[in-house]
Amino acid sequence: MKKIRTEILIPAAVDQVWEVLLNTSEYPTWNPFIRRFEGDIEKNKKVKISINPPGGSRMNFSPTIIKKENNRELRWLGKLGISGLFDGEHYFILEEVSPAETRLIHGENFSGLLVPFIGLEKTEEGFKLMNEAIKKRFTNGIA
């Protein structure tokens with residue numbers, strides 16, 4: 001198993017950050033990593049996601065939402081081909097630092113037979129770019 005875990009402090013209340021995460025129709029306007037997100041964010045629902053890792057090629061996935069806890073946590077599980085080859089459990093966790101500051105923990109746990117052979121550096125960089133873009137929405141007064 002390989003894991004990516006990033007975090008960033010955002011100058012906004014938890015519910016405000018949550019609202020940005022759930023407003024997926026706006027992703028193409030600000031999100032440098034997840035360029036398309038279609039579907040209902042509800043447990044056990046499939047969604048369509050296109051990611052664009054920096055310096056990499058666009059990839060399309062149809063993961064299943066596995067957890068949605070309002071203002072706290074969102075997770076989905078994606079698979080490349082059949083289950084067990086290359087699976088990724090993507091997550092966002094929000095922690096209140098103060099009423100006006102949120103810690104966003106953004107990561108993914110990868111498992112499967114192909115994991116040892118796939119480099120994830122570009123994916124991790126994409127997570128960091130997305131985190132910075134969310135923060136920028138609040139520091140620039142966009143969100």
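G56 is partly exposed, with a relative accessible area of 30%; buried denotes under 20% relative accessible area, exposed over 50%, and partly exposed the range in between, computed with a 1.4 Å probe on protein chains only. The residue belongs to the loop between β3 and β4 (59-61). Strands here are DSSP runs of E with at least two residues, helices are runs of H or I with at least four residues, and both are numbered from the N terminus. The model is predicted: local features need pLDDT of at least 70 and side-chain atom pairs count only at pLDDT 80 or more, while totals for chains, interfaces and linings use all residues. Residues are numbered from 1 along each chain as its sequence is written, and side-chain values use heavy atoms, with hydrogens and water left out.

T123 lies in helix α3 (residues 121-139) and is buried, its relative accessible area being 12%. Setting aside neighbours within four places in sequence, T123 is in contact with I4, F33, P53 and F110, where contact means heavy atoms within 4.5 Å. The C-alpha atoms of T123 and R5 are separated by 11 Å, and these two residues are 118 apart along the chain.

Strand β4 contains F61, which counts as partly exposed at 24% relative accessibility. Beyond its neighbours within four places in sequence, F61 is in contact with V47, K48, I49 and I51. F61 and F138 are 77 residues apart in sequence, and their C-alpha atoms lie 28 Å apart in space.

Two asparagines in loops have positive phi values. For N44, phi is near 70°; this residue is found between β2 (34-38) and β3 (48-51) and is exposed, at a relative accessible area of 61%. For N71, phi is near 60°; its loop joins β5 (64-69) and β6 (73-79), and the residue is partly exposed at 34% relative accessibility.

The interior comes next. In soluble globular proteins, nonpolar side chains tend to be buried together. The largest nonpolar core has 33 residues, of which I34, M130 and I134 touch the most other members; such a core is a set of buried Ala, Val, Leu, Ile, Met, Phe, Trp, Tyr and Cys residues joined through side-chain atoms within 4.5 Å. Not counting residues up to four places away in sequence, M130 touches L21, Y27, W30, N31, P32, F33, I34, F92 and H106.

At the level of the whole chain, there are 3 helices and 8 strands, arranged along the sequence as β-α-α-β-β-β-β-β-β-β-α. Buried residues make up 40% of the 143 residues. Among contacts with a separation of 6 or more, 51% join residues 24 or more positions apart. The radius of gyration is 15 Å, which agrees with the value near 15 Å for a compact globule of 143 residues; it is taken over C-alpha atoms, and the globule rule is 2.2 Å times the number of residues to the power 0.38. Along the principal axes, the C-alpha atoms fill a box of roughly 45 × 30 × 25 Å.
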